[in-house]
Amino acid sequence: MERFDGRIAVVTGGGTGMGRELVRHLAAEGCHVATCDVADDPMAETRELALHGAPSGTRVTTFVADVSDESQVSSFRQSVETDLDTDHINLLFNNAGIGGGGSIITDDRTEWDRTFGVDWGGVYHCTRAFLPLLMAADEGHVINTSSINGLWASIGPGISHTAYCTAKFAVRGFTEALITDFRLNAPHLHASVVMPGHIGTSIVINSGKAHGRDPQMMDDDELHRMRSQLVANGLPLDGVTDDDLRKGIQAIGEVFRDAAPMTATQAAASILDGVRHNRWRILVGADAEQLDVEVRADPDRVYEPEFWEAMRAKGLFGGFAFG
């Protein structure tokens, strides 16, 4: 899809991060956009930012929906049809995502299921819901956000990251399978899987909120579990008080957002460039590109501690490994 002006796009998770920047970039090119998220205020800000400087007549609509809930996704689709007065869409960006549920053994199942429900279930529900509108278009494109954790199911040997990695591998496999499915049964549709590296977003902070884990509200058990995870990941916490630990947890999210090698704006531009050129596989960031090379070069060793140390020695990740 070489141009976006006059097209209609749906973007999930548009309240912050890459979702917000996708909405802004698309609107700036005259694309009408419908976006959803779990909170109204951030989306209202997104809409205001997107319409500022957008071509006259560009429409941006918002809707509160949890993409893990199929009934809410159905309501979102109905709002798109009504608010944009359309029987079709051209672009579906399944972008919404959270982290959490690291271990299937030690973590609470509610958190595991919540993470998987948003990161994989949201992609599935939205694709199912919006497929009839994509089928009705002259040209359509589904863009699913996986992660470099859809290439490599780890953020290092000292911490479990099971739910997120599992979901992101599912998104990758689903999207790759859609390529043939669309070619055979809907040749006017295309599919792309997006695999970002470390992008400057609030995913760490937002994930804590999604799981009801505000650092200032953590009880003793939650704080102890978080302390154990951080120690296992190599952070020395001897002598660190609980209050300082709470501040540190908040700071981790802020550093992830503010010290990333690529901004959300740059990531959105990279994604849209991939869509323009109909690339089915969109690696976002130099770290994603490098990890892809390393994993393919030595797949048998990628889950050994030595692989992680070798990547760190090459300057990869800077301590973080998911987009």
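Me: Which hand does the crossing of α1 and α2 have?
Reply: The general idea comes first. A crossing is right-handed if the near helix is turned clockwise from the far one by less than a right angle, and left-handed if anticlockwise. Here α1 passes α2 in a right-handed crossing. This is a predicted model: local features need pLDDT of at least 70, side-chain atom pairs count only at pLDDT 80 or more, and totals for chains, interfaces and linings use all residues. Residues are numbered from 1 along each chain as its sequence is written, and side-chain values use heavy atoms, with hydrogens and water left out.

Me: At what angle do the axes of α1 and α2 cross?
Reply: Axes are lines fitted to C-alpha atoms, for helices over the stretch in contact, and angles run from 0 to 180 degrees between N-to-C directions. Helix α1 (residues 17-28) and helix α2 (residues 40-51) have axes that cross at roughly 25 degrees and come within 9 Å. Angles under 35 degrees count as roughly parallel, over 145 as roughly antiparallel, 65 to 115 as roughly perpendicular and the rest as oblique. So α1 and α2 are roughly parallel to each other.

Me: Which residues make the contact?
Reply: Contact means heavy atoms within 4.5 Å. From α1 come R20, V23, R24 and A27; from α2 come P42, E45, T46, L49 and A50.

Me: How do α4 and α5 cross?
Reply: The axes of α4 (residues 109-135) and α5 (residues 162-185) come within 8 Å and cross at roughly 20 degrees. These two are therefore roughly parallel to each other. The crossing of α4 past α5 is right-handed. Contact residues include W112, F116 and W120 of α4 and Y164, V171 and F174 of α5.

Me: What is a nonpolar core, and which residues of the largest one touch the most other members?
Reply: A nonpolar core is a set of buried Ala, Val, Leu, Ile, Met, Phe, Trp, Tyr and Cys residues joined through side-chain atoms within 4.5 Å. Buried means under 20% relative accessible area, exposed over 50%, partly exposed in between (1.4 Å probe, protein chains only). In soluble globular proteins, nonpolar side chains tend to be buried together. The largest core here has 31 residues, and V10, V67, F76, V80, I89, L92 and F130 touch the most other members. Its largest share, 8 residues, comes from α4.

Me: What does I89 contact, leaving aside its neighbours within four places in sequence?
Reply: I89 is in contact with I8, V10, V80, F130, L133, L134 and A137. A second, separate core of 28 residues includes V194, M262, A264 and L272.

Terms used: Helices (H or I, at least four residues) and strands (E, at least two) are DSSP runs, numbered from the N terminus.
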